[in-house]
Amino acid sequence: MKTLSTSLFTSFLVFNICRNFSFTNATHGVRGLRSITQTVGCFVSLYIISPKLTGLTVVVLPCLVGAGALIGSFLRRLSRLAQEQVRRGEAVSPLLKQTGLTLLYAYEVEKSCEMNENLGTGIAVFQGLSNIALNCIVLGTIFAGGTLISSNEMSPGDLMSFLVASQTVQRSLASISILFGQMVRGTSAGARVFEYLSLKPTIPLSGGGRIPYHSLAGRVDFLNISFSYPTRPGHIILDRFNLTLPPSKTIAIVGESGGGKSTVAALLERFYDPTSGVVMLDGLDIRTLDLCWLRGQVIGFINQEPVLFGASIMENIRFGKPEATDAEVFEAAKQANAHRFITSFPDGYNTVLGERGVTLSGGQKQRVAIARALIKNPSILVLDEATSALDAESERVVQEALDLATRGRTVLIIAHRLSTIQAADLICVMSNGRIIEAGTHTELLGRGGLYCDLIRRQRAEGRK
Ligand SMILES: Nc1ncnc2c1ncn2[C@@H]1O[C@H](COP(=O)(O)OP(=O)(O)OP(=O)(O)O)[C@@H](O)[C@H]1O
């Protein structure tokens with residue numbers, strides 16, 4: 001009786017100490033820690049109760065867990081394949097309406113049906129086998145324990161305590177195996193993120209001078225720039241390229257696709273340094289300036305596909321200036337023509353974007369991106385095909401926002417749709433890495449050169 005009470009006391013004491021680690025809404029990490037401490041604790045009490053039975057458990061249990069993990073990974077693969085097959089069927093269904101591809105659709109649906117049946121059978125077999133295995137463990141323990149009792153190596157009370165503690169071990173191991181699966185999936189999903197985080201930029205992000213805000217005019221000079229991308233050193237993109245962006249003026253670059261327009265913007269943002277030549281800001285080589293300051297406070301960059309994060313609209317705009325007050329966020333959104341649509345959402349600026357929340361239209365996304373660029377009140381604004389992915393109506397609203405945003409700043413516009421840059425102070429036409437024509441819209445039309453050709457081609461395409 002004494003042995004029974006001592007053993008039960010030991011196992012329940014250890015079990016309850018470990019239980020205290022748990023919280024009702026524990027995170028996976030805390031739950032994992034609880035399971036591990038529970039398992040260790042229960043193994044200690046199992047060992048105290050009967051070293052022989054514990055030895056047997058230590059041999060049998062890993063084999064069962066290993067077999068379970070193997071079948072589990074096979075089932076996960078089967079489930080992934082079945083999901084892919086369902087998606088394939090869904091992808092074919094719109095074609096069905098258009099082209100009457102009934103046979104193909106029937107084939108895909110039949111296949112996904114078959115795969116899901118296989119998955120269902122696999123899960124049923126797995127659950128059946130797990131139940132049999134768990135019952136066999138209990139029966140095996142009773143059998144081995146009974147043998148030890150008959151040879152007076154163990155008391156019936158010890159066997160009862162052993163069974164109770166081994167049940168806890170089973171439950172904890174099940175939790176650990178789930179946690180392990182999540183860890184493996186998390187690590188493989190995060191591998192690319194960690195790869196990016198460990199990358200060292202070739203251009204140092206900090207260090208270098210800054211121009212005080214009140215004396216920053218925003219004049220940019222590209223002087224005799226030659227440039228090839230590091231991955232294609234022999235392919236010259238810019239060849240002795242010269243261009244000046246005067247303060248508070250709007251300069252547009254147009255030209256054929258692949259002519260190097262976006263490369264000019266990339267050199268201004270210092271994503272790359274030129275092979276030869278200098279990019280100057282207010283007469284200073286930008287290589288001597290602080291890159292964080294240049295990108296964070298001087299240049300606002302808006303491109304064709306804005307990147308918004310799965311966070312609130314407020315956080316998405318504040319990303320442009322992390323220390324901005326709420327009032328500054330509202331002001332930037334008003335300037336970007338976004339305040340009205342944001343406040344029409346039930347949660348207003350706290351509306352969460354992305355998979356967990358609201359999906360914005362292309363024009364709305366672009367206006368949030370404009371607000372993000374404007375919140376830092378940049379002296380220079382770069383618009384790289386900012387409206388080219390939008391339909392006519394969205395383009396009109398975004399263009400209104402841009403017209404407001406560009407006032408009083410040095411603006412570099414890169415555009416395919418020539419209708420959007422006709423009001424620019426200077427239009428530069430690029431070909432083969434150089435500017436071959438420059439002037440206002442009217443001047444260039446009068447010259448009858450490449451600009452005229454581009455306009456004619458776009459009008460002809462528009463009529464088609
Ligand atoms: N990261 C890169 N690595 C290597 N080559 C690149 C890279 N980015 C662009 N290029 C090449 O540089 C050339 C100029 O590209 P760029 O994007 O500057 O042209 P673009 O005039 O802006 O074209 P589009 O109007 O189609 O956007 C192209 O031949 C392109 O393939």
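**Exercise 1. Work out which residues Phe 241 touches, leaving out those up to four places away in sequence.**

Phe 241 touches Phe 222, Ile 225, Gly 433 and Arg 434 once residues up to four places away in sequence are set aside. Here, contact means C-beta atoms, placed from the backbone, within 7 Å. Before going on, note that this is a predicted model, where local features need pLDDT of at least 70, side-chain atom pairs count only at pLDDT 80 or more, and totals for chains, interfaces and linings use all residues. Residues are numbered from 1 along each chain as its sequence is written.

Strands (E, at least two residues) and helices (H or I, at least four) are DSSP runs, numbered from the N terminus.

Is Phe 241 buried or exposed? Phe 241 counts as buried because it has 22 C-beta neighbours inside 10 Å. The cut-offs are 20 or more other C-beta atoms within 10 Å for buried, 12 or fewer for exposed, and partly exposed in between, with C-beta atoms placed from the backbone.

**Exercise 2. Describe how strand S7 (residues 380-384) is covered and what it pairs with.**

Start with burial: 5 of its 5 residues are buried. Ile 380, Val 382 and Asp 384 point one way, while Leu 381 and Leu 383 point the other.

Then look at the partners. Strand S6 (residues 299-303) runs parallel to S7, with 5 bridges joining them, and Gly 300 stands opposite Leu 381. Strand S8 (residues 410-414) is also joined to S7 by 5 bridges, again running parallel; there, Thr 410 is the bridge partner of Ile 380.

**Exercise 3. Track down the residues with the most contacts inside the largest nonpolar core.**

A nonpolar core is a set of buried Ala, Val, Leu, Ile, Met, Phe, Trp, Tyr and Cys residues joined through C-beta atoms within 7 Å. The largest one has 68 residues, and Ala 252, Ile 370, Ala 371 and Ile 427 have the most contacts inside it. Helix H11 (residues 362-374) supplies the largest share, 6 residues.

Take Ile 370: not counting residues up to four places away in sequence, it touches Ile 302, Ala 336, Ala 401, Leu 402 and Ala 405. Apart from this core lies another, of 9 residues, including Cys 42 and Met 154.

**Exercise 4. Say where Asn 152 is found, and whether it is buried or exposed.**

Asn 152 is in the loop between helix H4 (102-150) and helix H5 (156-197). It counts as exposed because 7 other C-beta atoms lie within 10 Å. Its phi is near 60°, a positive value in a residue other than glycine.

Definitions and conventions: Contact = placed C-beta atoms within 7 Å. Pairing = 2+ DSSP bridges.
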